Amino acid sequence: MAAQSCGCRTLSLFRPEFEYIDRTETSVRYLEHGWPTELCRWHSHPEYELHLIMATRGEAFIGDFIGPFEPGGLYLTGPDVPHNWVTMDRPETEPVALRDMVIQFSQDSIDHLTRAFPEFAQMRPMWDLARAGIRFEGFDPTFARGHFQRIRDTRGAERIAAFLRLLVRIDEHAEKRPLSVVRVVRPEGSAKQSRIATVIDHITQNYAEDLSLQQMAEMAGMSATAFSRNFQKATGSRFVEFVNRVRIAQACILLSATDEPVSGICFDTGFQNLANFNRRFLKMKQVTPSAYRASMRAGLMQKWKGTE
């Protein structure tokens, strides 16, 4: 059986055109949520977002990046970078009380901070990387959670001090992996943003179905040419490439978490024949599906041995 994808109701890219974050009372916004939730969706906003995963496994969608996430993952997305973390390892009937801890802050705040304290200019390379999305590889999740909790539990100047301490620590972290190859820009026009977002949500939730460019263009209310152009602007990928990446990402989950034959996973994830599936998988992952499964299981066994 295929792993369950996030069943959150489809919302537009900017709820509906734009996600407004009220910063009139605080320059650093903290929020946390469980799963499933309407907050789990493909969306973007002008603020930076520092995102700590507390529970579940699945696929992270950040700009044109699609890759696995797990508890302890720490991410930073820059202004207007679309993102979503889609839980795939459990059905909605098994809700999670706390899946995400989130901190949001603006470019204006960073600019004011740097003007007031020039020493913070050393963080500019991190802000540049964040425009492609960053995953902080190997960052201590216990340490990260403690800092997020301090920001959550404080107000006023104490919250800002806790926030700045966290920024210093993540900036010092050596393993910053940029994620999105293409730095995403907004499609022109909020109506187009909303319609493209609806299609993206449909793809990520219905990847196993027949998804033709013409059908998706009709869903977006655009000609095929206009849809192709706006879809690539929104995701950084051509339509067919994006669909295949979503399907291969789901295949990786199934190869890692189930004993289902490769041929069954091929059809479960929307590919019409095994030869095409193997060819696409090899191109994206540089290994065959069987080799990927073997390497993932070998790595898992090594983790188990390390905990004994």
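Student: Is Pro 289 buried or exposed?
Tutor: Please keep in mind that this is a predicted model. Pro 289 counts as buried because its relative accessibility is 2%, and the cut-off for buried is under 20%.
Student: Which helix is Pro 289 in?
Tutor: Pro 289 belongs to helix α11, which covers residues 289-307. The C-alpha atom of Pro 289 is separated by 8.8 Å from that of Phe 277, a residue 12 positions away along the chain.
Student: Where is Thr 56, and is it buried or exposed?
Tutor: Thr 56 sits in the loop between β2 and β3. Thr 56 is buried, at a relative accessible area of 3%.
Student: And what about peptide bonds? Which one is cis?
Tutor: The bond from Trp 35 to Pro 36 is cis, and its omega is near 0°. Pro 36 lies in the loop that joins β1 (29-35) to β2.
Student: Now to charges. How many salt bridges are there?
Tutor: Seven salt bridges are found in a search of the whole structure. One of them pairs Glu 70 with Arg 57, with 4.0 Å from N to O. Glu 70 is in the loop between β4 (65-69) and β5 (74-77), and Arg 57 is in the loop between β2 (48-53) and β3 (58-62), so this pair ties together parts that are 13 residues apart in sequence.
Student: How accessible are Glu 70 and Arg 57?
Tutor: Glu 70 counts as partly exposed at 38% relative accessibility, and Arg 57 is also partly exposed, at 44%.
Student: What is the partner of Asp 100?
Tutor: Asp 100 forms a salt bridge with Arg 99, and their closest N and O atoms are 2.7 Å apart. Asp 100 is buried, with a relative accessible area of 0%, and Arg 99 counts as buried at 2%.
Student: And which residue does Arg 90 pair with?
Tutor: Arg 90 pairs with Asp 89, the closest N and O atoms being 3.8 Å apart. Arg 90 is partly exposed at 25%, and Asp 89 is partly exposed at 37%.
Student: Which residues are linked in a network of salt bridges?
Tutor: Glu 32, Arg 152 and Asp 153 are linked in such a network.
Student: Which residues gather in the patch of positive charge on the surface?
Tutor: Lys 192, Arg 195, Arg 229 and Lys 233 form that patch. The elements giving two or more residues to the patch are α5 (190-205) and α7 (224-235). Arg 195, for instance, is found in helix α5 and counts as partly exposed at 31% relative accessibility.
Student: Last topic: how many disulfides does the count give?
Tutor: The count comes to zero disulfides. As for individual cysteines, Cys 252 is buried, with a relative accessible area of 4%, and Cys 266 is buried at 0%.

Methods: Residues numbered from 1 in each chain as written. Predicted model: local features only at pLDDT ≥ 70, side-chain atom pairs only at ≥ 80, totals over all residues. Heavy atoms only, no water. Patch = residues over 30% accessible without salt bridge, like charges linked within 9 Å, V, L, I, M, F, W, Y side chains within 5 Å. Areas by Shrake-Rupley, 256 points an atom, 1.4 Å probe, with all protein chains shown as cover. Salt bridge = Lys/Arg side-chain N within 4 Å of Asp/Glu carboxyl O. Lys, Arg positive; Asp, Glu negative; His and termini not counted. Charge placed at Lys NZ, Arg CZ, Asp CG, Glu CD. Helix = DSSP H or I, 4+ residues; strand = E, 2+ residues; numbered from the N terminus. Buried < 20%, exposed > 50% of the residue type's maximum accessible area, 1.4 Å probe, protein only. Disulfide = S-S within 2.5 Å.
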